[in-house]
Structures are given as structure tokens and as C-alpha cells.
Amino acid sequence: MALQGPIPVTFDMVFPHGCYIVGEVEPVKDFDASTSGRFVQARDKQTGELVWQVTVMDADPSLKAAQKTVAVKVLSPVQPVPPAPMPGLPFTPVEFDHVTVTPYVNQSGRLAYSIRVREMRAPRAAAKTTAKDAA
């Protein structure tokens with residue numbers, strides 16, 4: 001099979017309605033290397049980069065409440081800095097670059113996806129034009 005490892009996708013494929021940061025950027029614990037008195041941060045198996053995690057809320061209105069939040073893992077040598085909050089919004093909008101998904105079967109036997117990214121940034125202005133606008 002040609003597909004092996006993380007599958008590259010676009011941000012719009014994963015979050016077509018956008019997403020918002022609802023948690024802090026935190027280091028991911030390497031459970032195998034850590035001990036009760038010593039925290040060891042996880043590293044990505046393919047790149048060796050440190051792994052950080054941020055919880056985001058998917059803005060898709062059709063999702064059930066339990067499906068709204070998802071953890072996104074960020075691969076970075078230093079702790080990523082979220083975009084600045086936007087006045088008047090309760091949550092900070094965010095976009096990610098260099099997105100990959102890795103499918104797996106979770107503990108309840110359902111298909112799930114691990115989302116990994118390389119960069120976190122403020123959303124770009126919506127500069128999408130339709131064929132009618134371009135004419």
C-alpha cells in the first residue's frame with residue numbers, strides 16, 4: 001500500500017468551518033520515558049521534534065457537543081505561541097499549517113484520527129473568490 005504513516009491533508013479538509021483555541025499549549029508527556037518524579041516530553045518518532053498539544057473547538061455547527069473539541073499536536077523545537085486573541089470573541093481563532101492525520105482505532109473500537117501540525121497561526125483573511133466574482 002502506498003499510504004504509510006501520517007497522511008498529509010489541508011487545514012480546510014480537517015476544519016472546513018475553522019476552529020478556536022480553547023486550552024493552553026502544553027508539552028505532551030512521554031509515558032514510556034517519564035517516571036513518577038521525572039517528566040520527559042514526547043518527541044515525534046519520525047522527526048525527533050518535541051511534541052506539544054493544544055485543545056481546539058471545531059466550528060462545524062453539525063457536530064455533536066462531544067465531538068466539538070479535539071487535541072491537535074504541534075511539532076516544534078520550542079513551545080508554540082498561539083495567535084493573539086481577537087476583541088469581542090470568547091475564543092481565539094487559529095489555523096494550522098503542514099497538517100497530517102493518522103487514523104487509528106480508539107479504546108472503544110471506533111475509528112479516530114491523530115492530528116499533527118508543524119505551525120499554528122492567526123487565520124488568513126478570507127480571500128476566496130467565486131467564478132462570478134472573478135468575471
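The exercises below treat the pockets, one glutamine and the strand pairing of a predicted model.

Residues are numbered from 1 along each chain as its sequence is written, and side-chain values use heavy atoms, with hydrogens and water left out. Because the model is predicted, local features need pLDDT of at least 70 and side-chain atom pairs count only at pLDDT 80 or more, whereas totals for chains, interfaces and linings use all residues.

**Exercise 1.** Determine the volume of the largest pocket and describe its lining.

*Solution.* Step 1: a pocket is an open set of points on a 1 Å grid over the protein atoms alone, where a 1.4 Å probe fits, with protein on both sides within 12 Å along at least five of seven lines; lining residues have an atom within 4 Å of a point. A volume is the space filled by probe spheres set on the points, which are joined across faces, edges and corners. The largest pocket comes to about 710 Å³.
Step 2: it has 22 lining residues, and Gln67, Val70, Ala112, Tyr113 and Ile115 are the closest to its centre.
Step 3: strand β8 makes the greatest contribution to this lining, five residues. Helices (H or I, at least four residues) and strands (E, at least two) are DSSP runs, numbered from the N terminus.
Step 4: sorted by class, the lining holds 15 nonpolar, four polar and three charged residues. Here Ala, Val, Leu, Ile, Met, Phe, Trp, Tyr, Cys and Pro count as nonpolar, Asp, Glu, Lys and Arg as charged, and the others, Gly among them, as polar.

**Exercise 2.** Characterise the surroundings of glutamine 79.

*Solution.* Step 1: glutamine 79 is located in the loop between β5 and β6 (92-97).
Step 2: its relative accessible area is 42%, so it is partly exposed (buried means under 20%, exposed over 50%, partly exposed in between; 1.4 Å probe, protein chains only).
Step 3: leaving aside residues up to four places away in sequence, glutamine 79 touches Val25 and Trp52 (contact: heavy atoms within 4.5 Å).
Step 4: the glutamine 79 side chain reaches the backbone oxygen of valine 25 at 2.8 Å.

**Exercise 3.** Which strands pair with β4, and in what sense?

*Solution.* Step 1: pairing requires that DSSP finds at least two bridges between two strands.
Step 2: β2 (residues 19-21) and β4 (residues 51-58) are antiparallel over three bridges, and tyrosine 20 has methionine 57 as its bridge partner in β4.
Step 3: β3 (residues 26-27) is joined to β4 by two bridges, also antiparallel; proline 27 is partnered by tryptophan 52.
Step 4: β4 and β5 run antiparallel with seven bridges, and glutamine 53 stands opposite lysine 73 in β5.

Key
Polar contact = N/O pair within 3.5 Å; in protein donor to acceptor, adjacent residues only side chain to side chain.
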